[in-house]
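Biologist: I have the sequence and the model open side by side, and I would like to learn how to read them together. Could you take me through it step by step?

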Amino acid sequence: MREVTAVIRMNKIQATKEALAEAGYSCLTATLAYGRGKQKGLYINPLGNVKPDSKKAAIRFIPKRMLNIVVDDESVSEVVETLMRVNRTGMIGDGRIFVCPMNDAVRIRTGERGDDAL
Amino acid sequence: MGDVMQMIRAIIRPEKVDEVVDSLDNGGFCAFTRIDVFGRGRQKGIQIGPTVYDELAKVMLLIAANDEDTDEIIGIIEDNARTGSFGDGKIFISPIDEAYTIRTGERGL
């Protein structure tokens, strides 16, 4: 069992949910998160021009959506591919995907454990 | 890709975030995710007069790091987020199997 954590653009959440549901992975947890990458935030002056060489970032943390999806081991690659296909715009800020191990899961309603609980 | 990556989840005081972020920046670690969370610790919250606050506002920083950088990052967070009183927060470290950049589809950080 693995946990796929994806940090994606705010406006891609609807398309991502639809694509994941189509591929058969409808369960997910979405969280509002703030993030930044190697560029250390957004550099925008009042006129809206982007100046990547200025020293201080104007927006230090950019609003993002974080998705947590727990799937069994075989489905990881399909989920990752779906997330990348939908969320790729080719521009900086598309986000990142992490795949972490998950030891156990319990469905609270029935008490099922392991893969049955997913 | 043989290198091991770790996810560092640091739960710290909201007023210490800027300090921690700036110091990590200077140490060369500039990529984070920040989430506003609520939590309590072993003291079960805080009591001021008759009022009990059992969910205190904290900030969770998620930092993905290569294995060899982990100790340095933890040290920086510890030094900058510490006040010495209860409620300074906790740091959790867990392994990451794979990481992808969506824009390029590359593996790794």
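Modeller: Let us begin with contacts, where two residues are in contact if their C-beta atoms, placed from the backbone, lie within 7 Å. In chain B, 71% of the contacts with a separation of 6 or more are accounted for by residues 24 or more positions apart. This is a predicted model, in which local features need pLDDT of at least 70 and side-chain atom pairs count only at pLDDT 80 or more, while totals for chains, interfaces and linings use all residues. Residues are numbered from 1 along each chain as its sequence is written, and chains are lettered from A and ligands numbered from 1 in the order in which they are written.

Biologist: Which pattern does chain B follow along the sequence?

Modeller: Helices (H or I, at least four residues) and strands (E, at least two) are DSSP runs, numbered from the N terminus. Chain B has 2 helices and 7 strands, and their order along the sequence is β-α-β-β-β-β-α-β-β.

Biologist: Which residues are buried in helix 1 of chain B?

Modeller: A residue is buried if 20 or more other C-beta atoms lie within 10 Å of its own, exposed if 12 or fewer, and partly exposed in between, with the C-beta atoms placed from the backbone. In helix 1 of chain B the buried residues are Val17(B), Val20(B), Val21(B) and Leu24(B). They lie on the same side of the helix because they cover an arc of only 95° around the axis, the arc being that of the directions from the helix axis to the C-beta atoms. An α-helix has 3.6 residues a turn, so residues three or four places apart point the same way. The buried residues of helix 1 of chain B pack against strand 1, strand 2, strand 5 and helix 2 of chain B, whereas the face turned away from the buried side carries the exposed residues Asp18(B), Asp22(B) and Asn26(B).

Biologist: How many residues of chain B are in contact with chain A?

Modeller: There are 20 residues of chain B in contact with 27 residues of chain A. Strand 2, strand 6 and strand 7 of chain B are the elements that give two or more residues to the side of chain B that touches chain A. Two strands pair if DSSP finds at least two bridges between them, and here strand 4 of chain A and strand 7 of chain B pair in the antiparallel sense over 4 bridges. Thr101(B), in strand 7 of chain B, is the bridge partner of Arg96(A).

Biologist: What does Ile97(A) touch?

Modeller: Not counting residues up to four places away in sequence, Ile97(A) touches Val4(A), Ala6(A), Val80(A), Leu83(A), Ala99(B), Tyr100(B) and Ile102(B).
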